[in-house]
Amino acid sequence: MSSSLLTDGGMQPVGPDPSTAQSFLDVRDLRIHFKTDDGVVRAVDGLTFRLERGQTLGIVGESGSGKSVTSLGILGLHRRGTAQITGEVWLDGEELIGASPERVRLLRGAKMSMIFQDPLTAMHPYYTVGAQIIEAYRVHHKVSKGDARKRAIEMLDRVGIPQPQKRVDDYPHQFSGGMRQRAMIAMSLVNNPQLLIADEPTTALDVTVQAQILDLIRDLQAEFNSAVIIITHDLGVVAEVADDILVMYGGKCVEQATAETIFRRPEHPYAWGLLSSMPRVDREVRDRLVPIKGNPPSLINLPSGCSFHPRCPYVERNGIPCKTVEPTLAEGTPQHGAACHIPHPERLSIFQSDIAPSL
Amino acid sequence: MINYILRRLVTAALLIVAVSIVTFGIFFLIPKAVGADPAEMYVGKSATPRDVEATRVKLGLDQPIYVQYGRYVKGLVVGRDYNSGPSITHCSTPCFGYSFRSDREVWPLLLDRLPVTISLALGAAVIWLVGGVLGGVISALKRGSLIDRAVMFLALAGVSLPIYFTGLIFQALFVHQWPIFRGGEYVNFVDDPLAWANKLFLAWVSLALLFAATYARLTRATMLETVSEDYIRTARAKGLKERVVIAKHAMRSVLTPIVTIFGLDLGGLLGGAILTETVFSLPGIGRLSIEAVRTKDLPIILGVTLFGAFFIVMANLIVDLLYAVIDPRVRLG
């Protein structure tokens, strides 16, 4: 099954640098499995992608597709006892999966950092916002509390918190949702990380604030030329900020291309489904949204062959072996990977005739 | 914040008043209901009816219940004079009345016993707090391991074994079999600190075992819950050392429920630990109350009850105030 991904050269690199030279972030055949009483959960199963400085990668997928598990895996935040992690994660020429936990800890929060989804639960309720930012700074910098405090105020100012000298001593619950997310971003950026992973950074926020937060991330990225991964189930968010998009389903990448390509010429039926179920305000209201039928698969017991086949409207079309043979990204082109058995020309014509008109 | 403190103080005061009304009502109405006469109980069986009447008037027992209660409260606040015609006895603040049996003032009796109870409670508290919380934390961090199982077994044994069992076993082993500790009379701390600790140690351990079990379980459960919180993940994502993540970020949250039950447990114990004091023959408040119950010495029972209630209410108050220190979200309220 998934081992075929390894051998048949299915992981054609997608992105600005198709050569074999190492990218700033280079994830190769990442597998994160959890042993549970019910069986092995294959949360991430053979994921490969690369990302350069200054670029933004959007990872899209439903809940339980392995997006967050991937990001936590890169940061080394899984417990080694319960999670079995294999593959390689190269960050700026340094391999992280095999590195000592202490080494990864020193990189964590400094060279690579993360913005979490819900800033109300992700910040400690008993410590002031300032104290938490100061702590994040002082883990990686030998500076006095006073200097770190100045840095915290500076960061709060940078992310657009009014009166940062005053708000620095407030507790998270005294901030509004958007302000809290800004504070969270300030905390993540306090050490000028070169890799920033934002896990659903706007999900808990209302729409006007969402745009501000995305702008903020984009501005800060431009300034520090950092690599950014945005994890979301919201295609609108990635459309806004991502250069490349990786679509995940059942712990695997099913489609990978530039954002432009994914939105204009998506090839995987799952991506079609995602696009069709996305509300659009710039179109008149005609029909109902088209949801993807069925539920995300169990990661303990993935469907055979293509794991999307039970939900796919084109399953076994013209006798293709969806239920038995697992497709690889190589079914697409080097610039546009798509793990689908439907022949490439046919995929394009199905999209043009069936999907695009109803978007 | 000041508002919060004031509100808590008023609540505490009202609570004590309510408790005093209820206990006073119970202890003075029930004898009436069952046909017992407090005045008779005070003077004893051999007294003449005239003596009984005189005592009734002297103690004010001929007055309606609300007058009696009013005088009782007045006695607590400013002291009280008992007028039996020829002689006037003054009972100074806080006056809990006189013991039916020994004719002594209740308050000095309580004060006499208090150091013993405080010694017992505080010593045990230190042991169970350190032992229980430490055991719980280790147990949670090493979940599923042999240590976890051992701690949880001890905890189960601790809550299951009554003090009159562990206490007697300990004394049999460590006082009689191997005389490491001495039995005998209680010694004041100021007289001989070593003898004081020696006498109390087994009592501390027996009492602490009972409480430590609860604390270990509570700590373990809260710790397990806390380490899966998002903010703990954030702390790790900052690159903090695991030791800091646990000792600073997780412990801060784990302490909240611990502080709550610790306050209540300690407050309850200061009102007297009847079983422990009896098993280890410690002359504390608990022993005083059990003796008073046995001899139907109403003023002492009332005094001990109010005294215990006072400690519990104060403990509640302190817990509430500590809460505001621990959890900033409480301060808004």
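Mentor: In α12(A), the residues A:Pro269, A:Tyr270, A:Ala271, A:Trp272, A:Gly273, A:Leu274, A:Leu275 and A:Ser276 are buried. This is a predicted model, in which local features need pLDDT of at least 70 and side-chain atom pairs count only at pLDDT 80 or more, while totals for chains, interfaces and linings use all residues. Residues are numbered from 1 along each chain as its sequence is written, chains are lettered from A and ligands numbered from 1 in the order in which they are written, and side-chain values use heavy atoms, with hydrogens and water left out.

Trainee: Why is helix α12 of chain A called largely enclosed by the rest of the structure?
Mentor: Buried means under 20% relative accessible area, with a 1.4 Å probe and protein chains only. Eight of the eight residues of α12 (residues 269-276) of chain A are buried, so the helix is largely enclosed.

Trainee: What do the buried residues of α12(A) pack against?
Mentor: Their partners in chain A, judged by contact (heavy atoms within 4.5 Å), include β3 (56-60), β9 (244-249) and α13 (344-355).

Trainee: What makes β3(A) and β8(A) a pair?
Mentor: Two strands pair if DSSP finds at least two bridges between them; β3(A) and β8(A) have five bridges, in the parallel sense, and A:Ile59 has A:Ile231 as its bridge partner in β8(A).

Trainee: How do you know that β6 and β11 of chain A stand at the edges of the sheet?
Mentor: The seven strands form an open sheet in the order β6-β7-β8-β3-β9-β10-β11 (chain A). β6 (112-115) and β11 (337-338) each have a single partner strand, so one side of each is left without a neighbour in the sheet.

Methods: Buried < 20%, exposed > 50% of the residue type's maximum accessible area, 1.4 Å probe, protein only. Helix = DSSP H or I, 4+ residues; strand = E, 2+ residues; numbered from the N terminus.
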